[in-house]
Amino acid sequence: MFINFFYRLRACGVATSLNEWLMLMDALEKGFARTSMTEFYNLCRSMLVKSERDFDKFDNAFLMCFGDMETVEGGLSEDLLRWLDKPKPKDCDTKPRDIERNAALTRERIEEMFEERLKEQKEEHNGGTYWIGTGGGSPFGNDGEGEIGIRVGGKTNLRRAFRVASEHKYRDFREDEILSIRQFQMAFRSLRQFSSRIAVPKTELDIDETIRKTCGNAGRLEVVFGKPRKNTVKLLLLMDTGGSMDYYSGLCATLFQSVIKANHFRDLKIYYFHNCIRHDLYTTPIIGPKYRVATQWVLNNLNSDFKVLIVGDALMDTDELVKDSVSAGKNQMSGLKWLRILKRKYPSLAWVNPENLPSGVIRYKNWGESYDIIRKEVDMYSLTVEGLRDAIKHLLSSDGHPMMKRAV
Amino acid sequence: MAIQRLTSFNGSVEYVASPELIGAVDVAIALGKPLLIKGEPGTGKTMLAQSIAESLGKRLIIWSIKSTTKAQDGLYVYDVVQRLYDSQFNSGGVDDIGKYIKLGRLGDAFCDEKQTVLLIDEIDKADLEFPNDLLWELDKMEFYIPETKQTISAKTRPIVIITSNAEKELPDAFLRRCIFHYIEFPDKDLMERIVLAHYPDVERHLLGQVIEAFYQIRDLSVLQKKPSTSELLDWISALVIGGISPDRIISEVPYAGVLLKKTEDMAVLESHIGSQARG
C-alpha cells in the first residue's frame, strides 16, 4: 500500500524509516483518516516527519504521489504566483460563452493548455478568459468563474489536502544543510577541561575521602562532599561578517548556534570583525561605530587562558592584510600584525574557514593571496564537522603554558 | 486484544485545539506512542497535557526537565547515604533495600493502577544524550532495578506528552519513536476563539482591535522576540483592568511592555507607531 510514497519521501530527503512506516500502517488499520484526504495528510505527516524543517519536503513528496492534479512540471515562477496573490477587483466582464466553452474541457486538455500558457505568459493578467490570472473565466488561476480548471496560488478557502501542500507553508523552515547543529554541538562537547578548583557549592560525594574519614572514626560514618568538576574552558569566538562571508551565513549561523547552545563553557565572549582583525572589534554582526570595542581593550581584559576560535574566509585585498594604515590621524597596525599579537597573547588559537582554496592555484590577480599568508601564520581548519573536531583538538593540545611564556 | 477506545479529546473549555492537533493526540493515544510537541514559545504546549488529563479524567504527572536532569532521576533514586546512616544506628529495616528506592516521575506513572498522562516538559533543556537514555523505557514502558532485582513495568501505558522548544536537536533514534506535531502560531480566527475561551466576557469591539494590533506588531519583521499567545492574554487583562478605550489600542498600543520584553523591540514599535501617525 502506498509503498511508492515511502520511497518518494526518502528520495525527497525525509529520513523516515521502516519503523515509522509500519507505525503508520498500524494507524491506518485502526481506522484513522479513512474518510478524508486532509486527515490522511495530517496523519502521515505527524507519523513520518519529525521536524518542522522537513514539512516542506514532505509536502513535495505528498503532492508528487497523491496530488498530480496540481503539480506542474518545471514549477511555477515566483512572478506568476505573485500576480495571483493580489487579485484585482472583478470589474471586467467575461464572455459567458467562453466560460461555457472552457467548462466543457477535459482534465487532460486543461493540463496541456496550462503548460502552454505557462510557456507563453510573460505578464500579469486579471480577468479575461485565456491567460492564467485572477478573476475572469479561463480554466487557470484563482478567484475566477471558470467551473473547472487548475487553481494556481492565492489564498485557499476550501482546505483540501493538496491545496495545503501546494502552499508550501513550511518553506521557511527548510534547512538543506550538510551539517546539522547537532553534529557541531557534539564536536563542541569535546572542548572541555575539567577542574574542581572553581568556586561552586560542594555537592558531590567524595568516596575516597568518605572512606578515609570513616575509617579514622573507627567505622562511624562520616560523609564528605567535594566540589563537582566543571569545565574550565573559556572561549573567545571571533567571527568575520559581511562582504564575502555573506555566502556562508547559514553555515556560520549553525556554528554560532551550536556554540551558544553548548553553554558548558566557563566563559564565552563573541566579537565580530570585517575581513581581518584590526584595531577595532564589534559586539554585533552589524559593523557600526555604535558597537565598536577596541581590540586592545579585549586583549587587556581577557586572560591568556582564553582559547580563541576565529571564523573567517581569510579572503581580502592583500594590502588590507599586510599594510599599515592611517586612520583618525593615527598610524594603525596592519591586520597581520594584530594577528601576531593575538597569537602571542593566546597560545591556543585556531582559525576555521568555510572557504576551501587549494593552494598553488592560479588566481585572479592577487585574490586569495591573503588566504595563503594567513594560513602560514595560524593553524587553519575547514569549517566542516571533521575540521572543527581537529581545530578543537588543536585548541586543547596547544594548551601552552601562559605562566612560562609570560616569564620569557 | 482489546481495542482501545478512541478518545474523546476535543480540547477543553480553557484550551482550544486545532483539528490537526486533536488528530495527532488521538493517534498517539491509540498507538501508545509518545507525542512530541514543538512550536513557538507561548503556543500552549504545556497546557495541552493539562487539557488532555482534564478532559479524559486522568491523573497528570509532570516531569519538568532542567539542564541537570538525568534520565535515571525519572526512573528511581536509590538513597544509599540514608541506608548507610540507618545501618550505623541499627534502626530497623536496613535489610529491605526496597525501603530506600524512591520512584521518579516516570516510575510513578508506570506504577499507577489507572492510566495517567505523563508530561515530560521541555525535554530539550536536558543534556544532549538524555532522550537516548529513555529509549527503552518509553518503548517498552518498563525498567529494571538491579538493587532489588525488580522490574517495574507499566500496568497501563501512560499517555506520554513531550514538549520541546527546539533549543537542542533531538537524536534521530528518539524521534523515530514519537508522533510529532508542530503547533503553528494561531491565525486571527483561532486566536479569537482562544481569547474567548479565557475571557468569555471580553467586549467584541475591544477584542477585534486588540487582535488587529497584535498581528500588526507580530508582522514587524525586525522584532527580536515576537509576542506570543500568553503575552496577548496578559495584555488583554491589562487593557481591561486599565480601562483603556478600544479606539486607542491600534494607534497608541498602551502597556506595550506586556507584549515586548526587549528595549530594542520597544524602539522598533515606537518608530512604527510614529510612522503610522505621520502617514
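Which residue forms a salt bridge with Asp139(B)? Select Arg177(B): its closest N and O pairing with Asp139(B) is 3.2 Å apart. A salt bridge here is a side-chain nitrogen of Lys or Arg within 4 Å of a carboxyl oxygen of Asp or Glu. The pair links distant parts of the chain, 38 residues apart: Asp139(B) sits in helix H7 (residues 135-140) of chain B, and Arg177(B) in the loop between helix H8 (172-175) and S9 of chain B. Helices (H or I, at least four residues) and strands (E, at least two) are DSSP runs, numbered from the N terminus.

Before moving on, some ground rules. This is a predicted model, where local features need pLDDT of at least 70 and side-chain atom pairs count only at pLDDT 80 or more, while totals for chains, interfaces and linings use all residues. Residues are numbered from 1 along each chain as its sequence is written, chains are lettered from A in the order in which they are written, and side-chain values use heavy atoms, with hydrogens and water left out.

Next, pick Lys188(B) and Glu212(B), whose side chains form a salt bridge at 3.5 Å, N to O. Lys188(B) is in helix H9 (residues 188-198) of chain B and Glu212(B) in helix H10 (residues 204-219) of chain B, so the pair ties together parts 24 residues apart in sequence.

Now show both chains and look at where they meet. Chain B puts 30 residues into the contact and chain A 31, with contact meaning heavy atoms within 4.5 Å. Together the chains bury about 3,000 Å², 59% of it on carbon and sulfur atoms; buried area is the accessible area (1.4 Å probe) that two parts lose on being put together, summed over both.

Finally, centre on Ile161(B). Leaving aside neighbours within four places in sequence, Ile161(B) has contacts that include Leu35(B), Leu48(B), Val117(B) and Ile120(B).
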